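Student: Could you take me through this model feature by feature, giving the general idea behind each reading before the particular case?

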Amino acid sequence: MAAAESRAGQAFAEQRDRLKHTLGNLTLLAGSLNPALSRSPWEVKKAELLRYSQPGLSRELHELEDWAEREILARGEVLAEVACGVWRYPVGASEAS
């Protein structure tokens, strides 16, 4: 039983580490605020994001009760769609040079 719990804990930590630096989990903050919030609970982060993040970039996060894998992946998809709309691939450009 302990070995199975240990593997489950390790798998959770590995998944958290993979998601930590994905598009859906990132936002722009002042340099000193980012490390100060890095290990804070979601409720604390959410309040500080509302006060200090760029308008429009993180506002939708304030409606969320939880910040977990599902929310991170969903936000990543939305941000990727927005980015593709802003930075379009040139029409007629070849994929291979």
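This is a predicted model: local features need pLDDT of at least 70, side-chain atom pairs count only at pLDDT 80 or more; totals for chains, interfaces and linings use all residues.

Student: Where is the place of E43, and how many residues apart in sequence are E43 and W67?

Tutor: Elements are DSSP runs numbered from the N terminus, a helix being H or I over at least four residues and a strand being E over at least two. On that reading E43 sits in helix 3, and E43 and W67 are 24 residues apart in sequence while their C-alpha atoms are 9.4 Å apart in space.

Student: How many helices and strands are there in the chain?

Tutor: The chain has four helices and zero strands, so that the order of elements from the N terminus on reads α-α-α-α. Of its 97 residues, 18% count as buried.

Student: How should I read a salt bridge, and to what does the count come by this rule?

Tutor: A salt bridge is a side-chain nitrogen of Lys or Arg within 4 Å of a carboxyl oxygen of Asp or Glu, and by this rule the count comes to three. R16 pairs with D17, their closest N and O atoms being 3.6 Å apart, and D17 in turn pairs with K20, where the corresponding distance is 3.4 Å.

Student: With which residue does E71 form a salt bridge, and is E71 buried or exposed?

Tutor: E71 pairs with R70, the closest N and O atoms lying 3.6 Å apart. E71 is buried, with a relative accessible area of 14%, whereas R70 counts as exposed at 65%. E71 belongs to helix 4, and it is 46 residues from N25 in sequence but 8.8 Å from N25 in space, C-alpha to C-alpha.

Student: What lies 2.8 Å from the side chain of K46, and what is the nearest side chain of opposite charge?

Tutor: In assigning charge, Lys and Arg count as positive and Asp and Glu as negative, with His and the chain ends not counted. K46, found in helix 3, is buried yet has no salt bridge, and the nearest side chain of opposite charge, E65, is 4.6 Å away. A polar contact is a pair of N or O atoms within 3.5 Å; within protein, one must be able to donate a hydrogen and the other to accept it, and residues adjacent in sequence count only if both atoms are side-chain atoms. A polar atom of the K46 side chain lies 2.8 Å from the backbone oxygen of L64.

Student: Is R75 buried or exposed, and which backbone oxygen lies 3.2 Å from a polar atom of its side chain?

Tutor: R75, in helix 4, counts as buried at 6% relative accessibility. Polar atoms of its side chain lie 3.2 Å from the backbone oxygen of G24 and 2.8 Å from that of L26.

Student: Finally, how are pockets read, and how many residues line the largest pocket?

Tutor: Rolling a probe the size of a water molecule over the atoms shows where empty space is left. On a 1 Å grid over the protein atoms alone, where a 1.4 Å probe fits, a pocket is an open set of points with protein on both sides within 12 Å along at least five of seven lines, and lining residues have an atom within 4 Å of a point. The largest pocket is lined by 25 residues, of which K20, N25, S38, K45 and W67 lie nearest its centre. Helix 1 (2-20), helix 2 (33-37), helix 3 (42-52) and helix 4 (69-86) are the elements that give two or more residues to this lining, and the largest share, five residues, comes from helix 1.

Conventions:
Residues are numbered from 1 along each chain as its sequence is written. Side-chain values use heavy atoms; hydrogens and water are left out. Buried means under 20% relative accessible area, exposed over 50%, partly exposed in between (1.4 Å probe, protein chains only).
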